[in-house]
Amino acid sequence: MERFFKVGTAACFLPACFVFLSCFQITGPHTEMVMGTVCSVNAYSDGTEKLYNELFTRLHTIENEFSVNISTSEVSAVNNAAGQNAVTVSADVFYVIRTALKYAELTGGAFDPTVGPLVKIWGINTDHERVPSGQEISTALGLINWHDVLLTQNADGTGTVRLRRRGMALDLGGIVKGYAADELTLILKARRVKRAVIDLGGNIYVFGTKKDGSLWKVGVKDPSDPEGNPALVVSLSNSTVVTSGVYERFFIQNGVRYHHILDTKTGYPARTGLLSSTIICESSIAADALSTSVFVLGEEKGMALLRKIEESRIPDAEFSEIPGLHARISAVFIAEDGIITASKSLEGILKLMNGSPVFK
């Protein structure tokens with residue numbers, strides 16, 4: 001007998017992804033509020049208090065380094081020094097910023113970590129969300145350019161970060177949960193955990209296999225279903241599933257839905273005919289950055305980017321040094337007209353609740 005178990009459901013919205021578990025396997029994950037969302041880890045028979053303490057200590061460390069809502073974070077220090085001086089940051093922060101810039105280059109700016117000024121004026125999912133004026137958007141767009149992030153790395157992995165112009169601001173919300181999930185899997189491997197499910201506010205990582213050796217079944221939410229039921233299910237092990245969608249964080253004004261996935265070319269929420277985009281791969285940092293990127297690019301350009309990555313996956317190729325691009329990356333797009341399109345690599349492991357997907 002199986003049922004779906006919505007791990008880590010935040011109070012403000014339904015999760016984009018959830019895991020189907022055999023009933024006898026549900027032992028109760030360890031859950032805490034971290035990085036502005038509900039985070040859960042279930043390590044089943046290996047889930048000791050010591051293990052959970054180590055995992056969540058790591059999460060809180062990452063939050064304290066990266067959160068723009070914490071005035072003492074390293075990213076806040078970088079933003080406060082914009083246009084003035086370089087700031088020394090830890091190896092954690094340097095690695096993620098450098099990786100974010102690589103994805104900005106890869107996606108032609110569809111993913112841009114300097115989106116901070118735009119995020120601030122929209123205020124989506126805060127108590128001051130609103131549609132900014134045209135002048136405000138124009139001013140914010142003038143401050144967004146990933147080329148204006150200057151890095152200097154030290155031998156120990158630490159480094160300095162400088163934002164070229166006053167008013168610039170990093171916002172790594174589109175990549176840091178992926179980094180955090182990957183960091184937790186490193187701990188699970190080091191502690192020889194046999195199986196686990198990680199849910200960082202809908203960023204899912206299924207580690208190992210179920211107790212009976214079968215694959216995990218990860219559901220992707222149907223954007224049109226207010227109850228949060230899945231549109232599809234994918235059978236996986238040692239993989240991450242990350243979805244970006246219009247239903248995750250949004251507000252409605254004058255009958256128009258304004259979601260949180262902002263297009264740094266227009267300054268408005270991206271409108272490419274999609275309701276959600278999902279990336280499935282081994283690396284959560286890659287899935288996090290790419291799920292946002294392909295949503296902004298749209299289905300056609302998004303699929304083209306993934307094909308380009310696949311074709312270039314050879315030693316010393318164009319993308320060989322970008323973290324997370326070492327293994328196959330698959331995508332699922334749910335369009336406004338209800339059509340679901342998926343990568344051909346998912347044939348045989350993806351099942352729709354109704355109908356059949358279009359594989360490309």
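Modeller: I begin with an open sheet of 3 strands, whose order is β5-β7-β6 and whose pairing is antiparallel. Strands (E, at least two residues) and helices (H or I, at least four residues) are DSSP runs numbered from the N terminus, and two strands pair if DSSP finds at least two bridges between them. The edges are held by β5 (87-89) and β6 (149-153), each of which has a single partner strand, so one side of each is left without a neighbour in the sheet. From one strand to the next, the twist averages 30°; such angles run from 0 to 180 degrees between N-to-C directions, with axes fitted as lines to C-alpha atoms, for helices over the stretch in contact.

The model is predicted, with local features requiring pLDDT of at least 70 and side-chain atom pairs counted only at pLDDT 80 or more, while totals for chains, interfaces and linings use all residues. Residues are numbered from 1 along each chain as its sequence is written, and side-chain values use heavy atoms, with hydrogens and water left out.

Within the sheet, β5 is joined to β7 (residues 159-163) by 3 bridges in the antiparallel sense. In this pairing, Val87 faces Val161 of β7. Helix α3 lies across β5, β6 and β7, and runs at about 130° to β6; contact here means heavy atoms within 4.5 Å.

The model has 7 aromatic pairs, where rings of Phe, Tyr and Trp (its six-membered ring) pair if their centres lie within 6.5 Å, and planes under 30 degrees apart count as stacked, over 60 as edge-to-face and the rest as tilted. One of these pairs is made by Tyr95 and Tyr179: the ring centres are 5.8 Å apart and the planes stand at 40°, so the pair is tilted. Tyr95 belongs to α3 (residues 91-106) and Tyr179 to α6, so that distant parts of the chain, 84 residues apart, are linked.

Helix α6 (residues 176-190), in turn, lies across β4, β8 and β9 (203-208), at about 160° to β8. Those strands belong to an open sheet of 9 strands with mixed pairing, in the order β3-β4-β8-β9-β12-β15-β16-β17-β19. At its edges stand β3 (30-34) and β19 (358-359); each has a single partner strand, so one side of each is left without a neighbour in the sheet. Helix α1 (residues 49-66) packs on this sheet as well, touching β3, β4 (37-42) and β8 (195-200), and its direction makes about 10° with that of β3. As for β19, this strand runs parallel to β17 (residues 340-342), with 2 bridges joining them, and Val358 of β19 stands opposite Thr341.
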